[in-house]
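Please read it alongside the sequence and coordinates shown here.

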Amino acid sequence: MRLPLQLIVLMLVMMSNKTIGQDVHEITLLVDTKNSVPEKAYELKAGNKTTVLNSSTQDTFTIFASVGDQIKWKALSSSELDVPVTINHIKYLSGPRIFSSDLIQGKKITQATIIRGGSELYTYQIEFKIGTSAQVHTIISKVRIGD
């Protein structure tokens, strides 16, 4: 009798996680660090679990996510493997305030959880540095929250 009850509880837990939205969206910023204008020489890529709605040009890269999902950003050089690219901040620009803060501090892997949705696109700025340079570079990206 105990095994079926445990199985039912496990199934309920798994189903509740899916309805709440617990996906992890991995966004990778690949920067050509040899380029003199890295803001014009980058590519954004999404992990396998992430739906990309628009990637026709760099500044329109948009992913689809749900409330409760987590987004993880990381940055790498696409041209010099030994040159680090560091995310300083993820900064809110416009749209619904989907994260708990308008400024997300950068780390090796920068992450935030979507706490609320909205009908408009959430537009944000990724601020990053290359190597030991103090110069900050910026690019724009977007998130659309679904029901």
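In this predicted model, residue I27 has A46 as its bridge partner in β2. The strand pair to which this contact belongs consists of β1 (residues 24-31) and β2, joined antiparallel by five bridges.

Both strands belong to an open sheet of four strands, whose order is β2-β1-β5-β8 and whose pairing is mixed. The edges are formed by β2 (42-46) and β8 (110-113), each of which pairs on one side only. From one strand to the next, the twist averages 20°. As a general point, side chains in a regular strand alternate between the two faces of the sheet.

| Strand pair | Bridges | Direction |
|---|---|---|
| β1 and β2 | five bridges | antiparallel |
| β4 and β10 | five bridges | parallel |
| β9 and β10 | seven bridges | antiparallel |

Strand β4 covers residues 62-66, and F64 stands opposite R144 of β10. Strand β9 covers residues 122-130; here Q125 has I140 of β10 as its bridge partner. β9 and β10 also form a hairpin, with six residues between the two strands. Within the turn, G131 adopts a positive phi of about 55°.

Why is β10 largely enclosed by the rest of the structure? Strand β10 spans residues 137-146, and seven of its 10 residues are buried, that is, under 20% relative accessible area; therefore the strand is largely enclosed.

The remaining topic is the empty space in the model. Rolling a probe the size of a water molecule over the atoms shows where such space is left. The largest pocket has a volume of about 200 Å³. Its lining comprises 13 residues, of which K74, A75, L76, V85 and K108 are the closest to the pocket centre. Two elements, β5 (70-77) and β6 (85-94), each give two or more residues to this lining.

Which element gives the most to the lining of the largest pocket? That element is β5, with four residues. Strand β5 is also a member of the four-stranded open sheet, where it stands between β1 and β8 in the strand order. By class, the lining of the largest pocket contains eight nonpolar residues, two polar residues and three charged residues.

Note on methods. Residues are numbered from 1 along each chain as its sequence is written. This is a predicted model: local features need pLDDT of at least 70, side-chain atom pairs count only at pLDDT 80 or more; totals for chains, interfaces and linings use all residues. Side-chain values use heavy atoms; hydrogens and water are left out. On a 1 Å grid over the protein atoms alone, a cavity is a set of points where a 1.4 Å probe fits but cannot get out, and a pocket is an open set with protein on both sides within 12 Å along at least five of seven lines; lining residues have an atom within 4 Å of a point. Grid points are joined across faces, edges and corners, and a volume is the space filled by probe spheres set on the points. Ala, Val, Leu, Ile, Met, Phe, Trp, Tyr, Cys and Pro count as nonpolar, Asp, Glu, Lys and Arg as charged, and the others, Gly among them, as polar. Buried means under 20% relative accessible area, exposed over 50%, partly exposed in between (1.4 Å probe, protein chains only). Two strands pair if DSSP finds at least two bridges between them. Axes are lines fitted to C-alpha atoms, for helices over the stretch in contact, and angles run from 0 to 180 degrees between N-to-C directions.
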